[in-house]
Amino acid sequence: MVYQVENEPVEIPNVLPLLPVRDIVVYSYMFLPLFVGRENSIKAVEEALEKDRLILLATQKDPSKDSPEPNDVYEVGTIAMIMKKLKLPDNRIKILVQGISKAKIIKYTQTSPVFHVEIEKIVEEVPEELSVELEALMRNIKEQCEKILSLKGLVSPEVMEVLDNVTDPGRLADLVASNLKLRLEESQKILEVFDPIKRLEKVSDYLSKELELSTVQAKIQTQAKEEMSKTQREYFLREQLRAIKSELGDIDEKGQEIQEFSDKIKKAKMPKAAEEESRKQLARLDQMHPDSAEASIVRTYLDWMVDIPWSKSTKDKLDITKAKEILDEDHFDLEKVKERILEYLSVRKLNKKMKGPILCFAGPPGVGKTSLGKSIAKALGREFVRISLGGIRDEAEIRGHRRTYIGALPGRIIQGLKQAGSNNPIFMMDEIDKVGTDFRGDPSAALLEVLDPEQNFAFSDHYLNITFDLSNVMFITTANMVEPIMSALKDRMEIIELSGYTDEEKLKISRQFLIPRQLKENGITAKFIKLSDEAILSIINQYTAEAGLRNLEREIGTVCRKVARKVAEGSNALHKIKKTNLPKYLGTPKRLPEEEQQKDEVGIATGLAWTQTGGEILYIETTLMKGKGGLVLTGSLGDVMKESAQAALSYLKSNAKEFGINHSVFEKNDIHIHVPAGAIPKDGPSAGITLATSLISAITQVPISKAIAMTGEITLRGRVLPIGGLKEKALAALRHNISDIIVPERNQKDLDDIPETIKKNINFIFVKHIDEVIDKALLKKVRKSSKKPTKTTTAKKSAAKKSR
């Protein structure tokens, strides 16, 4: 086929050299320069120049490839004529090409050193007459081009004349597409549309999108320009206003602000380093324009520096007797904590320069840890600050953000001191056992400096960038469990355990604190309601299951609200709340206590367990069945309890002869150990002796006394190891009318922490070895060994007998 190039006929052969091009798609009738640097490409250009100057330009799929293969080049390209060639100093060549016609690669006839391809020339049909729709489409495209050029400020009569002179729809599509900033894939898709009208429609879609983008871009530029002009205008007017005020003798606002900051810095009595930094920042502020962004940051920093209580402190009330009265007035019992606070006051009275202690109140929810902190502040006459550490994961919450960040603030320690207005408050940190950690740092590690008396005299906050003395602050932390706290942090704190309250203590606390508070909150007085002791104890045991007092107070509040409603409706009668009519106010009981054993049974031992809500009794059942010597454990037991069961069985097997047990019993029977309430997970290192007793009873068929409960871990040699939570476990036994509990001898020291009311009603039997446990718990002697057992120690029972 013959084409016209510069009014000269050109015949295009079927085989042409191929020049892969990068980052551009060449359309028909385009004039453009190309820089050729690859050796194969230069050879292709030179070969084309030696023949008829024709070459096929096809776009690479991946522009980053320096040595493309046939599969790396699009199949549709443009036949072009090389109009000019210029050799460059860096051995590259620059050529000027003109697109002639589209062509499709049929096959590669040569791949080295130059690509030769056989092509199929694509002839597009030009409509003889333009339809109304086609002419409208072409006119719309021209108008859109004019709008885009106008928005970009590039419109000119010459450009519009070129567009108006194009009457061929395919040529117009190619012309517009070549000037749109399309992605390589989009440009190639347009090139591969051979129908001129469809190609024009596709270009129209891209053009509409470009017009929308250009409109938004122009709008943004206009707004930015207007904002800049407005800022410059405001600056100019402010400077004029400042000059006018200066001429009239009015006060200079900036000078007044600088003077105020200077006076506040002097009044704050900062340490030398802090004052120097404040003066330095004040000098910077004086040099800045008052409305600049940097001035706002410096102003905020200076506000913090002058508001922090560098030298402000409250005077401690050192009257020991008065402080004891306040602590007793606000809290029942908690003698250990009260004693520790009074010790601190006594030493503070004798040594004015002593450092504040770091206390940690650890105990279940609702036992009064947080309210105790308020009472301590009241007793000492100090300010009280409380922050919650639960869920904190960012170190900056403790140390503050660096001032390079927008919206930076000091950490919560400095914020709390500013809130308190003194440098020696009672600073309570709740939930220290629930501090998290992630990529932003470890807040627990940051607290190491805060809670260390040897370091916190020079605590560094990232925002202030100045050290602050925290040695006068009395830090009190709270935790439900001590185990999750980082060991290094735990080492810095004096941990005071707050265990749950006994029923008697809860009754007294209800009378002394909870009921009066709920009466006041619900707007009634004691003449409208009277709760009997039996009713309160019923609420404690049947409507709550906790070591603390929160749910108890909530239930008492419910009763008070019911009475308040009747009073509001006109009833002035005294409402007597008894155990019998309590369900009328609170509904059916929410929990039922574990049923007491009716008789002594074989294979059922009574254990004692510690939970976060207090102590519980745990029945462990063992039964034998025909089998092959397997051990079955059920009841949602944890790994520790499973190991305890295995250790107990191993001990029993190794000492079978002593207990008169034939080894065939283990070989011909399966042993099933079950702990009722299977839906509740159970674990812990204190069920060993209970499991062993249940096992021995089941195998020897000797019943276990229902009046004895036990707790303790067992070793393979039969030794009984100490346990924790003795007070809570003793309370559980007392609630279930169990008079004797077997306890490891090494827990004898814990009797000091147990209230006298419990010790009067419980007989503690201290043991060293499992043999002693078996002798006490089983109703009949089963050991046949002549080995003399170790002497069993029991707590004095005289008081208990007297009270019964």
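Here is a short chat about reading a few features of this predicted model.

Me: Let's start with V132. Where is V132 placed, and is it buried or exposed?

Reply: Exposed goes with a relative accessible area over 50%. V132 has 67%, so it counts as exposed. You'll find V132 in helix α2, which covers residues 132–151.

Me: How far apart are V132 and A446 in sequence and in space?

Reply: Going along the sequence, they are 314 residues apart. In space, V132 and A446 are 77 Å apart, C-alpha to C-alpha.

Me: Which residues of helix α18 are buried?

Reply: An α-helix has 3.6 residues a turn, so residues three or four places apart point the same way. In α18, residues 533–543, the buried ones are A535, I536, S538, I539, I540 and Y543. Their cover includes the helices α17 (503–521), α19 (550–568) and α20 (582–586), along with the strands β16 (529–531) and β17 (575–577).

Me: K506 is in helix α17. Is K506 buried or exposed?

Reply: Buried means under 20%. K506 has 4% relative accessibility, so K506 is buried. Setting aside neighbours within four places in sequence, K506 is in contact with Y501, I540, E546, A547, G548, L549 and L552. One of these, I540, is also among the buried residues of α18.

Me: And which residues form the negative surface patch?

Reply: Look for E125, D195, E201 and D205. D195 sits in the loop between α5 (184–191) and α6 (196–248). With a relative accessible area of 34%, D195 is partly exposed.

Conventions:
Residues are numbered from 1 along each chain as its sequence is written. This is a predicted model: local features need pLDDT of at least 70, side-chain atom pairs count only at pLDDT 80 or more; totals for chains, interfaces and linings use all residues. Side-chain values use heavy atoms; hydrogens and water are left out. Patches are made of residues with over 30% relative accessible area and no salt bridge: like charges are joined within 9 Å, nonpolar side chains (Val, Leu, Ile, Met, Phe, Trp, Tyr) within 5 Å. Accessible areas come from the Shrake-Rupley method with a 1.4 Å probe; for residues, only the protein chains shown count as cover. A salt bridge is a side-chain nitrogen of Lys or Arg within 4 Å of a carboxyl oxygen of Asp or Glu. Lys and Arg count as positive and Asp and Glu as negative; His and the chain ends are not counted. The place of a charge is taken as NZ of Lys, CZ of Arg, CG of Asp or CD of Glu. Helices (H or I, at least four residues) and strands (E, at least two) are DSSP runs, numbered from the N terminus. Buried means under 20% relative accessible area, exposed over 50%, partly exposed in between (1.4 Å probe, protein chains only). Contact means heavy atoms within 4.5 Å.
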